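Q: I'd like to learn how to read a few backbone and packing features off a model. Can we go through it together?

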Amino acid sequence: MPEYTVTVEKDYLVFAAGHFITYGGRCESLHGHNYRARVELTGELDENHYVFDFGALKKIMRRLVDELDHRMLLPLENPKIVLEDVDGGIRVTHGGRVYVFPRDDVVLLPVPNTTAEMLARHLALRLKDELARAGARNLSALTVEVEENFGQAAHYREALRP
Ligand SMILES: [Zn+2]
């Protein structure tokens, strides 16, 4: 069966978020990006001659992106970044720096570092769950791209069938 690919790239799939990453022995200082997400679904056509309904895909992606918008993104799996629940928020310690963020302003992500690559993977795995819940069985792969600066993006591809 031939396969087709659909893509969605919209102005509202932008999220403004704060983060810092660790690399080598060092840790960036706190800063933010206007990230932009883009998604690609590949698969056989369904009975409606769709790979996946654009309207439904846009709605799912917008919801996933909104979860990250106007938030501080923190990695749960980084041994150099210590996160603690304290009164009124989350205390973050790394190297000599200590921050306390209001709990509602933070998203704790199951990733080792909040790089564009890891954010793309996070969104892709969230999308994979949503597509399964929506009953999509014709898809063979999905790709999520996260751009953190103009012309500077990471892609994560998840195969949906062996
Ligand atoms: Zn950055």
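This is a predicted model: local features need pLDDT of at least 70, side-chain atom pairs count only at pLDDT 80 or more; totals for chains, interfaces and linings use all residues.

Q: Where does His49 sit?

A: His49 lies in the loop between β5 (31-43) and α1 (54-66).

Q: What is the phi of His49?

A: Most residues other than glycine have a negative phi. His49 is not a glycine, yet its phi is positive, about 65°. His70 also isn't a glycine and has a positive phi of about 60°. You'll find His70 in the loop between α1 and β6 (71-75).

Q: Is His49 buried or exposed, and why?

A: Count the other C-beta atoms, placed from the backbone, within 10 Å of the residue's own: 20 or more is buried, 12 or fewer exposed, in between partly exposed. His49 counts as exposed because it has 7 C-beta neighbours inside 10 Å. His70 has 11 inside 10 Å, so it counts as exposed.

Q: Which residues is Leu30 in contact with?

A: Contact means that two C-beta atoms, placed from the backbone, lie within 7 Å. Leaving aside neighbours within four places in sequence, Leu30 is in contact with Gly18, Phe20 and Tyr99. Leu30 is in the loop between β4 (26-27) and β5, and counts as partly exposed because it has 13 C-beta neighbours inside 10 Å.

Notes
Residues are numbered from 1 along each chain as its sequence is written. Helices (H or I, at least four residues) and strands (E, at least two) are DSSP runs, numbered from the N terminus.
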